[in-house]
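Hi,

Here is the structure I said I would pass on. Have a look at it first, and my notes follow below.

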Amino acid sequence: MNARAYYEHYWSETGYSPRRDRAPESLRLLFERHVGAHDDCLDLGCGDGGTAGVYLAEHSKSYVGVDVSETAIKLAKERGFEAVRIDDASVLPFEDASFDVVVCSEVLEHLLAPQLAAAEAFRVLRSGGRMIVTVPNAAHWRDRVDALFGVWQPAGDDRGRTEPWRSPHIRFFWPATLRRMLLGVGFNHVEVIGL
């Protein structure tokens, strides 16, 4: 199964379909701190728009979401969001310096080449722009304890604990590795916090 087919099923009624009606509290706090009313925002890996779209569409100048899944894009459009299907997160259909904020929430861990997607996000950001990234922390104490007892939990969907081999999470980050990757693609100030 290729990535597009996987994510079409992932977003279908019979797949995982991780729909939300609003951003989690921790993400809303980041938005309140880093997103302004005059910002043009890109949601990289928007899904149905429920994680970031609701907040960003209401609190910024403009919002557009992109995703590889046509199903996710259809769901985002049904919610009233501007959304565009892309073939790959490392090739965005936007001019250089098009956005003030790029949000990439729980996406990089799903990509074969997350550094290329981060570099592309850097390209489409205006000078002084911000990228808000969230990824699971693979060094979290609970995951380390589970690993000691032979349990690998890559998360990603409702069957990750019992069937880790089929998880959509294929890249794993620690705070230091995420920071190093972002600095390596051109970001000059990277703040990594735990939530």
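**What I found**

Lys 74 and Glu 78 sit four residues apart in helix H4, so about one helical turn separates them. Their side chains meet in a salt bridge, 3.0 Å from N to O; the criterion is a side-chain nitrogen of Lys or Arg within 4 Å of a carboxyl oxygen of Asp or Glu. Lys 74 is exposed at 52% relative accessibility, and Glu 78 is exposed at 54%. For those labels, buried is under 20% relative accessible area, exposed is over 50% and partly exposed is in between, using a 1.4 Å probe and protein chains only. Helices (H or I, at least four residues) and strands (E, at least two) are DSSP runs, numbered from the N terminus.

Before going on, some ground rules: this is a predicted model, where local features need pLDDT of at least 70, side-chain atom pairs count only at pLDDT 80 or more, and totals for chains, interfaces and linings use all residues. Residues are numbered from 1 along each chain as its sequence is written, and side-chain values use heavy atoms, with hydrogens and water left out.

Back to the salt bridges: the structure holds eleven. Arg 85 takes part in one with Glu 70, where the closest N and O atoms are 3.5 Å apart. That pair links distant parts of the chain, with Arg 85 in strand E3 and Glu 70 in helix H4, 15 residues apart. Both ends are partly exposed: Arg 85 has a relative accessible area of 30%, and Glu 70 comes in at 41%. Arg 85 also meets Asp 87 in a salt bridge (3.0 Å, N to O), and Asp 87 is exposed at 58%. Elsewhere, Asp 40, Asp 100 and Arg 126 are linked in a salt-bridge network.

Now the strands. Five of the six residues of E2 (residues 62–67) are buried, so the rest of the structure largely encloses this strand. E2 runs parallel to E1 (residues 40–44), with five bridges joining them; strands count as paired if DSSP finds at least two bridges between them. Leu 44 has Val 66 in E2 as its bridge partner. The chain gets from E1 to E2 through helix H3 (residues 53–59), in a right-handed β-α-β crossover. Right-handed here means that, with the strands pointing away from the viewer, the path from the first strand over the helix to the second runs clockwise.

On to E3 (residues 83–85), which pairs with E2 in the parallel sense over three bridges. Gly 65 is partnered by Ala 83 in E3. The crossover from E2 to E3 passes through helix H4 (residues 70–78) and is right-handed.

What about disulfides? The count is zero, taking a disulfide as a pair of cysteine sulfur atoms within 2.5 Å. The sulfur of Cys 41 is 13 Å from the closest cysteine sulfur, in Cys 46, too far for a bond. Cys 104 is in no disulfide, the nearest cysteine sulfur being that of Cys 46 at 11 Å. Cys 41 is buried at 0% relative accessibility, and Cys 104 is buried at 0%.

Last one: Glu 109 lies in the loop between strand E4 (99–105) and H5, and is buried at 1% relative accessibility. Leaving aside neighbours within four places in sequence, its contacts (heavy atoms within 4.5 Å) include Thr 134, Pro 136, His 169 and Phe 173.

Cheers
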